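Reader: I would like to go through the terms used for this structure and see what each one rests on.

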Amino acid sequence: MNTIRFIFLFFSFLFACEYYSNGHKIALTPLPSFTKSLSIHYFLTPNGQKLGVGKRVLCRFKTLSCEQKFTHNKKYLKLTSGDTLLFARTPKEALELSNTIYESGCALYSHPDFLLEPKKRSFDPLFDPLQWNLHNYGQYGATPDVDMDVYEAWQYASGKGVKVAVIDNGFDLSHPDLRGAFVAQTDLVDMDANASYDNPYEIHGTACAGLIAARKNGIGVQGIAYESNLLGIKLIGSYASGQDRPLYVSTILEAFMFADEMGAQVINCSWGTYNVADAVRYIIHKLATEGRSGKGTPIVFASGNEGRGLWYWADDESALPDVLAIGAVNDYGDIAWYSNYGPALDFVAPSGGGNLAITTTDISGPLGYADGSFGHPYYCYATDITGFNGTSAAAPQVSGVIALMLQRNPDLTKDQIVQILAKTAKKIGSIPYENGRNDYFGYGLVDADDAVKMAIALHVERQIKGKAFPIAGYFVHYGSGVYDWLYISSNKKMVAKLAGMNGDYLRWEPLLINAFDNIQIQGNSIHFGQSSDPFGQNFAGRSFAIDGYFVHYASGSYDWIYIATDTHHPYKFEGLGYEGALLWVPLSMSAKLTNSQVEFR
């Protein structure tokens, strides 16, 4: 448990003080008490930041003799980081002690173990309410939950580092929401290395790119995989008249080969020819089965916007068995009137066709989907009558979800990705699903939250299946409160009370070392002996049911698995989510407990 990152809750006081930071004394201005406990107080730093000061001192001693000098006859804890926590009797004493240690020259640094205010979780300004496709709570009259649960999935993944190839008609490379997103590019129209759009008719690629990877940067929109890396491939060009340029089959092959050579982990294609050539069929099959070092590259195609059955689009790239064919649903949860359907359809994603379109990036200036008349020249809004929609808008959303999955489990094969998406898809609409699918919704509306969690579970299960790990500690719920939990280390020397959440950390208070004369495990119960510590006396001589066990299966801070005592069901710990909630991913395996270890089957 001591490898979990903790921030400890401290007790407040009311007096002016100062501490050492980077060799200089920093004055703190006291604030009124914000808590019921008189042992917690907050201060303002000179730059206006709020700090909580308590009864612990955090320092890094230069030598062992220095450490022994200041820890003699004092309660202290040696952290795995190499730092030392010393326990003072009062917050005032903690400040005085931290300054004394620093002024002695014995420590590289010494200061109170501050209670810090985390940065607030934030989303880019157009996310709410305009990106209804990612988080739909009924805004603009939409049917609630007709979305991809991307808002929830962001608690687990951002697509960081995953390469997504976007084969399209050029991109606004200077768009403020796409700067830094493109890591490689090629123009197969002009045969150069600049995939930028050339005229105001080449706007499609910018909209698709934004749905996948618009940056989380405090402006505009957030792409589904907002930390993914884009490979921009300009395959389709337009003449000045607006007419699309024809494509050589060999150029299509070059597009897929460039994606593969640049390490694409997902390929998005919001286009099609309705006349797939054998050479294209071959290269798609090759990448889908042999790409990504043999795991297979997921290739996502828009199914088309004619509102027709497979008899019409059977010869399109999107109908190939090696790709994921994506249809569209509107904000009411109905199949969009234009979305092609049939047995080759795999999934649906939100788009236009109802009351709303899709909010995404648009080419800069007065031209594009938003055409400048709406007053937001860099974006097309869901509420614009000329907004972005069609199955072209649905496909890149699925590509973005796949990028989230691959961030958390890069070992997934293409077939596993499809299986996960099929198992977790929302079964919307009134048309019955036979064997899990139908011809209008495919396997259903892609659910990013459940898909990412299943990807995580498969990754963890692969690491732990058939292995046994020592029990690291026990969890006890001693009251009815949300934070009424105790952690007891397996060696029974350390006891900590969960005090709350602070940013991405759990807070524990106080941390007791050898606080009880003995702690005994009796079946599924834990019995505390006598204690001289004021906190420990609350539990002395009492027994509590053990709610669960923890094992640490790898070296990461969140590589912990919790096993419920009553069901023996294991859960992967994922840290903290929105509103300070603990995140757990259930694993689909059993756990066998012995006195000292857990075996996963």
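Reader: Which residues have the most contacts inside the largest nonpolar core?

Author: The model is a predicted one. Inside its largest nonpolar core, which has 120 residues, the most contacts belong to Met405, Leu421, Phe528 and Phe600. Helix H8, residues 391–408, gives the most to this core, with 10 residues. A second, separate core of 26 residues includes Ala184, Leu231, Phe256 and Ile283.

Reader: What is Leu421 in contact with, leaving aside its neighbours within four places in sequence?

Author: With those neighbours left aside, Leu421 is in contact with Leu324, Phe347, Val401, Ile402, Met405, Val446 and Ala451. Contact here requires heavy atoms within 4.5 Å.

Reader: Why is Met494 called buried?

Author: Met494 has a relative accessible area of 11%. Buried means under 20%, so Met494 is buried. Its place is in strand E22, residues 494–502. Met494 and Ile420 are 74 residues apart in sequence and 41 Å apart in space, C-alpha to C-alpha.

Reader: What makes strands E24 and E26 stand at the edges of their sheet?

Author: The sheet is open, with 3 strands in the order E24-E25-E26 and antiparallel pairing. E24 (519–522) and E26 (543–545) each have a single partner strand, so one side of each is left without a neighbour in the sheet. Neighbouring strands of this sheet are turned by 25° against each other on average, direction ignored.

Reader: Which strands does E28 pair with?

Author: E28 pairs with strand E27 (residues 548–552) in the antiparallel sense over 5 bridges. E28 also pairs with strand E29 (residues 570–576), again in the antiparallel sense, over 3 bridges. Phe550 stands opposite Tyr562 in E28, and Ile563 stands opposite Pro570 in E29.

Reader: How many residues lie between E28 and E29 in their hairpin?

Author: There are 5 residues between the two strands of this hairpin. In the turn, His568 has a positive phi of about 60°.

How values were computed:
Residues numbered from 1 in each chain as written. Predicted model: local features only at pLDDT ≥ 70, side-chain atom pairs only at ≥ 80, totals over all residues. Heavy atoms only, no water. Helix = DSSP H or I, 4+ residues; strand = E, 2+ residues; numbered from the N terminus. Buried < 20%, exposed > 50% of the residue type's maximum accessible area, 1.4 Å probe, protein only. Pairing = 2+ DSSP bridges. Axes fitted to C-alpha atoms, helices over the stretch in contact; angles between N-to-C directions. Core = buried A, V, L, I, M, F, W, Y, C linked by side-chain atoms within 4.5 Å.
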